[in-house]
Amino acid sequence: ACAITAIGLDHMGFLGNTLEEIAGEKAGLIKADTPVVCYPAPEGVRRVFAETADRLHAPLIQLEEDALLRVEADLFGSVITCRLEHLWTDVRISLPGQYQQRNAMTVLALTEQLCRLGYEIPEAAVRRGLAETVWPARLEWAGNVLIDGAHNPQGVAALVQYVDAFLQGRKRVLLSGVLADKLQMEMLGQMVHISREI
């Protein structure tokens, strides 16, 4: 089985200039007769994945935003309930950020597909894995310093969303370094919302 996570305008020099072109490259992950789970995506991206999966006779699970039934989030993660093939209630995710809730939903759907294929994956192990996962430099706290490796508009948008949700009313200073081939005007426009001091 395989999973395809969020599609963004990153690595455009290699993957394409539109979400659909990038999705076409990412669709190379889809293998014949092999289940594929896709993170919630816009219609054009969904269409690219559906066409590829159909051509390769790959069972396709395209997740929907409304599969997330309940979310409780804080600075350090969230607890979600979602309906996939099964109802997953009160799943703790140790990775902060709204996009991680959708990543976790993708993991849960992928786990369901693996179980359908005969793999024995205890629910307790899935829950423990999501609760104990750490990702250095992605919305990681070191004292009162927040470290994030956002290096594209999609990543900066996720950082802004997190800051808006949890750091209102706090003094914020942004220190950022971005490679010249990654820097986009859209990113700069988003960064000004994080802090007055940059």
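The lining of the second largest pocket has 14 nonpolar, 4 polar and 4 charged residues. Here Ala, Val, Leu, Ile, Met, Phe, Trp, Tyr, Cys and Pro count as nonpolar, Asp, Glu, Lys and Arg as charged, and the others, Gly among them, as polar. This is a predicted model, in which local features need pLDDT of at least 70, side-chain atom pairs count only at pLDDT 80 or more, and totals for chains, interfaces and linings use all residues. Residues are numbered from 1 along each chain as its sequence is written, and side-chain values use heavy atoms, with hydrogens and water left out.

Stay with this pocket. Its volume is about 600 Å³. A pocket is found on a 1 Å grid over the protein atoms alone: it is an open set of points where a 1.4 Å probe fits, with protein on both sides within 12 Å along at least five of seven lines, and lining residues have an atom within 4 Å of a point. Volume is the space filled by probe spheres set on the points, which are joined across faces, edges and corners. V145, L146, V173, L174 and L175 lie nearest the centre. β8 (145-147) and α6 each supply at least two lining residues. Helices (H or I, at least four residues) and strands (E, at least two) are DSSP runs, numbered from the N terminus.

Now the largest pocket. It holds about 700 Å³ of space. Its lining counts 31 residues, with A6, I7, Y99, Q154 and G155 nearest the centre. α6 (153-166) gives the most, 6 residues.

The largest nonpolar core has 17 residues, and I80, C82, L84, W88, M105 and L108 have the most contacts inside it. Such a core is a set of buried Ala, Val, Leu, Ile, Met, Phe, Trp, Tyr and Cys residues joined through side-chain atoms within 4.5 Å. Buried means under 20% relative accessible area (1.4 Å probe, protein chains only). The largest share, 4 residues, comes from α4. Apart from this core lies another, of 16 residues, including L75, Y99, L139 and L174.

Last, look at α3. This helix runs over residues 43-55 and reaches 18 Å from its first C-alpha to its last, close to the 18 Å expected at 1.5 Å a residue. The expected span is 1.5 Å times one less than the number of residues. G44, V45, R46, V48, F49, T52 and A53 are buried in α3. After the helix comes H57, with a positive phi near 55 degrees.

Methods:
Buried means under 20% relative accessible area, exposed over 50%, partly exposed in between (1.4 Å probe, protein chains only).
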